[in-house]
Amino acid sequence: MKKTDVCALWGSWPFRRISHNTIADVQAMHARYGITGGCVASLESIFYQDPMESEEQLALALKGTGYRQVITVNPTLPAFDEMIDEAVERFDVAAVKIVPGYHCYSLTDPCMETLHQVLRRHNLPLYVARRIEDTRLNYLMLPREPGNEEFLAMAKAMPDVRILFCGFAAWEAVGISEATRKLPNVYFETSLFKIAVGNMPATAAAIGEDHLLFGSSYPFYVMKTQVMNLEEAGLSEQAERKIYAENAETFFAG
């Protein structure tokens, strides 16, 4: 079975040490679990004054690996759209990622229209992170968590952009699934789906198994846990194939 990880991570986190955070580490861990490729985003780009400095380093680290780059931008920064244009020209960009909680804007702010335009120009999908880590661990910095209404309003305003909701707990995704099932451009990744064994089939059914993508957020989270959450969930082989690879192919192909 082909396996793809759409949410691997690279780089350092300013609030705690993360081990095994090089691309070689990610490749080695993926190989252990039969994952043959995927997409990688930089943790450091969230905090750099010039995110392109981190993106250039990530592009160099990914060169020749077959992995694709998800660039992280702050749409409140001047000329962020030009950064995306440059990254598309220079790197193998698979998607754009935003983390509004750390950059203090709403998903309905005017800057989102500029982001919408540049995504359309390059036919790029968008990753939108609700959170990076459990908010109970945040004390040096208290990022806001956008509410469901923001996510839904943004998705409705961008019907021509494929959008991946990241950092959702399973119960949160199920909680808005009635609305997102009416939005064919919305998908969810699984890295924070820490649910009891046996509950995943019902979760996938509520969200729609065609709109779930396997994401690990490794090395931020433990890879074994991410794989076990999926492979010991009691899903059908067909559902596993979709979540592990087929849905990602649809998502990135547009």
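Which residue just after helix 9 takes a positive phi? Keep that in mind while touring this predicted model, in which local features need pLDDT of at least 70, side-chain atom pairs count only at pLDDT 80 or more, and totals for chains, interfaces and linings use all residues. Residues are numbered from 1 along each chain as its sequence is written, and side-chain values use heavy atoms, with hydrogens and water left out.

Begin with the whole protein chain, which has 11 helices and eight strands (DSSP runs numbered from the N terminus, helices being H or I with at least four residues and strands E with at least two). Of its 254 residues, 57% count as buried, meaning under 20% relative accessible area with a 1.4 Å probe and protein chains only, whereas exposed means over 50%.

Next, select the strands, which form an open sheet of eight in the order 1-2-3-4-5-6-7-8 with parallel pairing, where two strands pair if DSSP finds at least two bridges between them. The edge strands are strand 1 (4-10) and strand 8, each pairing on one side only. Within the sheet, strand 4 (residues 93-98) and strand 5 (residues 126-129) pair in the parallel sense over three bridges, and the bridge partner of lysine 97 in strand 5 is tyrosine 127.

Now select helix 9 (residues 200-207), whose buried residues are Met200, Thr203, Ala204 and Ile207. These cover an arc of only 95 degrees around the axis, which puts them on the same side of helix 9; the arc is that of the directions from the helix axis to the C-beta atoms. The face turned away from the buried side of helix 9 carries the exposed residues Ala202 and Ala205.

Finally, select glycine 208, which answers the opening question: just after helix 9, glycine 208 takes a positive phi of about 105 degrees.
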